[in-house]
Amino acid sequence: MGFLVIDQLTMTYGQVTALDDVSLTVKEGEFITLLGPSGSGKTTLLMSIAGFNRPTAGEIVFDGRQITGLEPEDRDFGLVFQGYALFPHLSVADNVAFPLRVRKWDKARIRARVAEMLDLVGLAHLAGRKPRQLSGGQQQRVALARALAFGPRVLLLDEPLSALDRMLRETMQQELRRLHRETGVTFLYVTHDQQEALTLSDRIAVFNKGRIVECDTAQRLFRAPKTRFVAEFLGENNFVTGTRQGGRWTGLGTGFVLPPDRDLPEDRSAATLWLRPGDIALGPAGAGEIGFQAVVEDVIFAGTSSGLHLRLPTGEPLVASVAAEISAAEITGKTLAFHARPGAVGVIPEGA
Amino acid sequence: MSSRFERYALLLTLPAGIMVLALYALPILQVLSLSLTEGKGAWANYSQLFTSRAVAKVVGTTLNVSLLTTAITLVVAYVIAFGMIHMTARSRRIALLMVSIPFWISVLVRAFAWITILRSQGVLNGALMGLGVISQPLELVYNRLGVTIGMVHYMVPFAVLLLYANLTDIDRRIVQAARSLGARPLTVFLKVWLPLSAPGLGVAALFVLVFSLGFLVTPALLGGGKTLMIAEYISVQISTTRRWDLATALSTALLIVVGLLIALALRSPTMRAAFGGGRR
Ligand SMILES: Nc1ncnc2c1ncn2[C@@H]1O[C@H](COP(=O)(O)OP(=O)(O)OP(=O)(O)O)[C@@H](O)[C@H]1O
Ligand SMILES: [Mg+2]
């Protein structure tokens with residue numbers, strides 16, 4: 001039995017199906033991220049868990065208890081919003097004390113807990129300020145301290161960092177990892193930033209059109225996606241059609257063999273092959289590698305690397321990411337040899 | 001600093017400004033000057049405001065009725081506005097329409113309508129007696145009660161719109177945050193909705209109070225000459241007893257009191273926020 005179980009949850013807004021038969025089992029203490037494009041239903045699921053949405057069908061079970069019909073105030077989950085949603089009329093300390101006063105803790109205990117929480121997020125010196133006197137990052141820390149103050153076992157976060165600039169976002173990511181480690185609370189984190197998801201999560205549930213497409217660790221989703229959607233959504237990727245005959249593949253060059261654990265079942269003969277730009281190297285193939293020829297159509301400088309826009313003899317486009325020292329003028333328009341390791345090539349059966 | 005356009009944009013308000021000056025400021029200045037020169041002079045005119053028992057009674061009645069009107073209006077309007085922001089978009093449109101219907105009906109018509117409802121042989125007393133709830137008609141009109149009913153009815157739509165605008169501005173995620181932190185409905189209302197709508201309530205209270213202090217038609221008709229308020233008293237002094245000295249002095253005093261009220265209210269930071277500028 002899981003700690004937090006979402007069981008076949010469906011939610012419709014009139015004609016729109018925001019959640020379509022979503023199931024997810026969260027383990028205690030896990031950092032799990034809901035990742036997906038805009039409008040894919042991430043917020044809808046999070047707010048259903050928080051109790052603000054009433055699902056049309058399905059159940060939510062927390063710690064063995066049905067909570068599907070429970071009011072938000074009875075769920076004891078922490079909730080952090082994108083816009084922080086601090087109480088503008090209360091000081092930082094009073095914001096953090098709010099859930100404790102509601103729970104009628106005694107004064108001394110509240111004072112101690114507020115101090116402890118503000119220490120945890122490094123804001124002890126700003127206890128008396130009003131939210132509007134704080135920077136975005138500081139406000140977000142207050143929101144975290146407030147949501148964790150009453151000791152919830154689950155913290156729900158809806159794009160908490162999306163209003164911050166990039167530098168601050170990276171600092172706050174570290175902060176979130178630390179908070180997760182130090183508190184041991186289960187984090188359910190919504191984002192549409194894949195880098196954030198890869199950095200933070202134990203597991204990622206990838207959403208598309210109201211469904212969870214795949215749910216797994218970041219490494220496995222990145223290295224061995226089972227669906228074209230995930231292969232495309234997580235990181236940069238190239239797709240070419242491949243065919244197999246007598247155990248040998250054609251698509252990127254001809255006659256190469258894929259590792260058995262990657263390969264298709266015996267009875268199939270066509271698939272989409274993927275290969276990440278960083279796994280393509282310039283130069284002829286060595287022993288056991290896959291070699292192919294391609295025309296360099298364009299070279300795009302991107303700092304530490306350059307993106308080569310290639311075209312295969314089959315007419316399919318491909319992007320390779322190579323060291324930036326390469327001279328654009330020298331190679332543009334030329335047909336060159338490239339190679340890749342067979343282990344870097346992925347196979348997605350037709351229709352997945 | 002202001003850009004070129006911003007400086008010239010000021011010109012767009014010029015026609016309105018001239019109208020205000022000609023039709024508003026000049027007559028007021030004239031009233032002011034009359035209050036200083038009419039009768040036995042400025043000192044006599046203004047000191048009689050404090051010595052005359054009639055004036056004291058009228059001011060007392062006005063304050064009493066105005067404060068009561070303000071209090072009742074705010075409660076009623078808050079309940080309506082609070083209900084409106086929780087409605088579905090469709091019901092809200094209908095509710096807004098209903099709230100604005102009174103604006104289309106003249107204050108005179110509305111006062112007469114209340115008389116037909118409230119007078120001793122009126123609709124309400126008739127119904128209550130018919131049902132046997134009462135044996136004697138209740139005195140609902142031609143007294144403070146009648147005036148207050150009429151004034152509340154006049155002021156509620158304004159207050160609803162003011163409060164509705166303020167309540168719509170409140171970030172609903174703050175309310176959700178409170179609930180997620182464990183606050184039950186009453187706590188959410190007292191600790192979140194009420195403090196966050198304080199500026200709106202302040203503005204609405206000021207608006208209703210200022211309006212009420214100068215009310216003429218409604219108290220004149222529904223008070224039946226017995227509940228005399230400042231505006232009607234001034235009008236009687238001018239058109240019937242021809243006491244320009246008293247009328248202009250009282251007018252000026254009322255203007256000063258209202259001005260002070262607004263100035264005082266604007267000193268509070270929440271009010272300043274409501275009148276623009278320092279948004280959270
Ligand atoms: N209150 C609502 N009324 C009607 N439709 C809604 C409502 N809330 C969400 N939807 C619809 O449900 C779908 C899922 O929305 P949701 O907010 O869960 O997406 P999301 O994954 O959080 O997207 P984003 O990354 O943009 O926040 C969308 O198609 C959206 O238009
Ligand atoms: Mg969302």
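Good morning. In chain B, two helices, α6 (107–118) and α8 (144–169), each contribute at least two residues to the lining of the largest cavity. Helices (H or I, at least four residues) and strands (E, at least two) are DSSP runs, numbered from the N terminus.

The model is predicted: local features need pLDDT of at least 70, side-chain atom pairs count only at pLDDT 80 or more, and totals for chains, interfaces and linings use all residues. Residues are numbered from 1 along each chain as its sequence is written, chains are lettered from A and ligands numbered from 1 in the order in which they are written, and side-chain values use heavy atoms, with hydrogens and water left out.

Let me begin with the cavity. On a 1 Å grid over the protein atoms alone, a cavity is a set of points where a 1.4 Å probe fits but cannot get out, and lining residues have an atom within 4 Å of a point. The volume of the largest cavity, about 40 Å³, is the space filled by probe spheres set on the points, which are joined across faces, edges and corners. Its lining consists of V107(B), R110(B), A111(B), W114(B), G150(B), H153(B), Y154(B) and T218(B). With four residues, α6(B) gives the most to this lining.

I turn now to chain A. Why is helix α2 (residues 92–102) of chain A described as largely enclosed by the rest of the structure? The reason is that nine of its eleven residues are buried, where buried means under 20% relative accessible area (1.4 Å probe, protein chains only). Among them are N95(A), F98(A) and P99(A). Their cover includes α3 (107–120) and α4 (136–149) of chain A, together with α9 (172–180) and α10 (185–213) of chain B. Just after α2(A), K104(A) has a positive phi of about 60 degrees.

Finally, the two chains together. Chain A brings 24 residues to the contact and chain B brings 18 residues, contact meaning heavy atoms within 4.5 Å. About 1800 Å² is buried between chain A and chain B, with carbon and sulfur atoms giving 67%. F52(A), E73(A) and F98(A) supply 30% of the area that chain A buries against chain B, more than any other three residues. Buried area is the accessible area (1.4 Å probe) that two parts lose on being put together, summed over both.

Three salt bridges cross this interface, each a side-chain nitrogen of Lys or Arg within 4 Å of a carboxyl oxygen of Asp or Glu. D74(A) forms a salt bridge with R184(B), with the closest N and O atoms 2.7 Å apart. Thank you.

Note on methods: 1 Å grid on protein atoms, 1.4 Å probe; cavity = no way out; pocket = protein on both sides within 12 Å on 5 of 7 lines; lining within 4 Å. Buried < 20%, exposed > 50% of the residue type's maximum accessible area, 1.4 Å probe, protein only.
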